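User: I'm new to this one and would like a quick tour. Could you walk me through a few spots?

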Amino acid sequence: MNERIPLSIPFLNGKESVYVQDCFETNFVSTAGPYVNKFEKHMADFLGVDDTVAVMNGTSGIHLSLIDANVGYDDEVLAPNLTFIAPLNAIRYQGAQPILIDSSWKTLGMCPEKLRDFLENNTERTKEGLKNKKTSRIIKAVIPMHTLGNCVDMDPLIALAKEFELTVIEDASESLGANYKGRPSGTLGDYGCFSFNGNKIITSGGGGLVLAKASGAIKKIRHLSTTAKTDSLNFVHDEVGFNYRMVNVLAAIGLAQAEQLNSFIEIKKQNFYKYKELLTNVKGGSLFTPDENLGTNHWFYGFILDENLASYKNDIIKELISMGIEVRPIWELMEYLAPYRDCDKGDLTISREIQKRTINIPCSVNLTNEEIEKVSMGLKEVLSRYL
Ligand SMILES: *Cc1c(COP(=O)(O)O)cnc(C)c1O
């Protein structure tokens with residue numbers, strides 16, 4: 001048995017190699033090919049939507065959604081302060097500017113009340129659209145992100161978006177398979193984006209998926225993802241497109257993974273409750289427990305340090321890593337990163353607190369009971385030294 005317990009690694013025990021071998025045998029390894037269509041269809045059925053577009057990664061899916069939502073140069077988009085950087089980069093690819101919004105302790109994701117505060121206090125309705133009074137830019141969209149697989153409280157957020165006429169682009173990269181009040185995450189907004197990067201609940205090596213509500217939007221996004229080609233014989237393109245469509249080999253891996261998704265979610269859930277039991281009486285912190293009513297796929301397990309231990313977070317992490325337990329802090333906040341330091345923002349108190357206190361603990365699908373015990377014992381032991 002491997003002594004190091006990794007944070008999150010893929011589990012490739014389905015038909016991945018069979019499907020990839022098939023790509024080699026049929027010589028369909030690159031752009032287009034039957035697995036891309038099969039994967040898109042499989043995901044559409046899983047999510048209960050008509051159609052999906054498979055793309056090269058989650059970031060490119062968010063980028064295409066922003067383009068289709070008509071977000072362009074000097075527009076603004078409301079985005080989480082606590083997130084992986086991808087959605088903010090996609091906003092910048094369009095020459096638009098993020099506005100940073102706080103998280104809620106309930107979901108770790110965007111807080112609808114904080115969003116309301118920002119919109120009510122900082123914007124005015126004008127003929128050109130919703131204007132940010134401070135920057136004079138037009139706010140076009142909001143990107144809620146379902147942090148660690150836990151759904152943002154979407155009903156109040158969508159109601160606000162309606163009220164202020166904002167497009168909702170769900171970054172569901174982490175929450176595939178989570179159901180918010182019975183509805184799949186990623187299908188709640190105007191657009192939904194997923195990622196199949198190596199650490200996600202299922203992986204295609206690298207990849208993403210886009211959904212869209214408006215009729216014609218998916219067709220447009222697929223068109224943009226394939227260099228906006230209208231005539232493949234003569235290489236005619238009707239606008240500036242992107243080379244963003246998923247390739248067949250990756251879709252083959254993705255399809256084999258997608259076939260196992262329900263079992264992965266079940267395992268993640270069981271492992272979560274094993275951890276929860278072992279960590280109930282631990283002193284110094286507690287496992288973040290998602291609100292099952294709001295939905296979660298239990299992708300990542302966040303361990304929240306008590307306030308008085310927050311300043312030791314990095315030491316605690318280093319000690320655990322030296323014991324062979326790969327834990328990681330949650331992302332640095334967007335407000336502190338060089339490209340986004342100057343962004344407009346609302347009150348960000350809660351995301352700062354969450355960031356200071358959150359450690360992600362091993363969560364791979366193939367975790368053994370022994371490993372879960374070892375992580376829990378390790379955490380207890382290390383924390384006890386700081387109490
Ligand atoms: C993984 C992830 C993405 C997409 O990442 P890619 O590497 O481009 O697939 C986007 N947003 C969040 C929050 C993510 O965790």
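This is a predicted model: local features need pLDDT of at least 70, side-chain atom pairs count only at pLDDT 80 or more; totals for chains, interfaces and linings use all residues.

Analyst: Residues are numbered from 1 along each chain as its sequence is written, and side-chain values use heavy atoms, with hydrogens and water left out.

User: How are H5 and H6 oriented to each other, roughly parallel or roughly antiparallel?

Analyst: Helices here are DSSP runs of H or I with at least four residues, strands are runs of E with at least two, and both are numbered from the N terminus. H5 (residues 112-122) and H6 (residues 154-163) have axes 9 Å apart, at an angle of about 20 degrees. Axes are lines fitted to C-alpha atoms, for helices over the stretch in contact, and angles run from 0 to 180 degrees between N-to-C directions. Under 35 degrees counts as roughly parallel, over 145 as roughly antiparallel, 65 to 115 as roughly perpendicular and the rest as oblique, so the pair H5 and H6 is roughly parallel.

User: Which residues of H6 make the contact with H5?

Analyst: Contact means heavy atoms within 4.5 Å. On the H5 side you'll find Pro112, Leu115, Arg116 and Leu119. Their partners in H6 are Pro156, Leu157, Leu160 and Glu163.

User: Is Asn81 buried or exposed?

Analyst: Asn81 sits in the loop between strand S2 (76-80) and helix H4 (86-93). Buried means under 20% relative accessible area, exposed over 50%, and partly exposed in between (1.4 Å probe, protein chains only). Asn81 has 0% relative accessibility, so it counts as buried.

User: Which side chain makes a polar contact with the side chain of Asn81?

Analyst: A polar contact is a pair of N or O atoms within 3.5 Å; within protein, one must be able to donate a hydrogen and the other to accept it, and residues adjacent in sequence count only if both atoms are side-chain atoms. Ser351 is among the buried residues of helix H11 (residues 349-357). At 3.1 Å, the side chain paired with that of Asn81 is Ser351.

User: How far apart in space are Gly129 and Leu166, C-alpha to C-alpha?

Analyst: Gly129 lies in strand S5 (residues 129-132), and its 23% relative accessibility makes it partly exposed. Gly129 and Leu166 are 37 residues apart in sequence, while their C-alpha to C-alpha distance in space is 9.4 Å.
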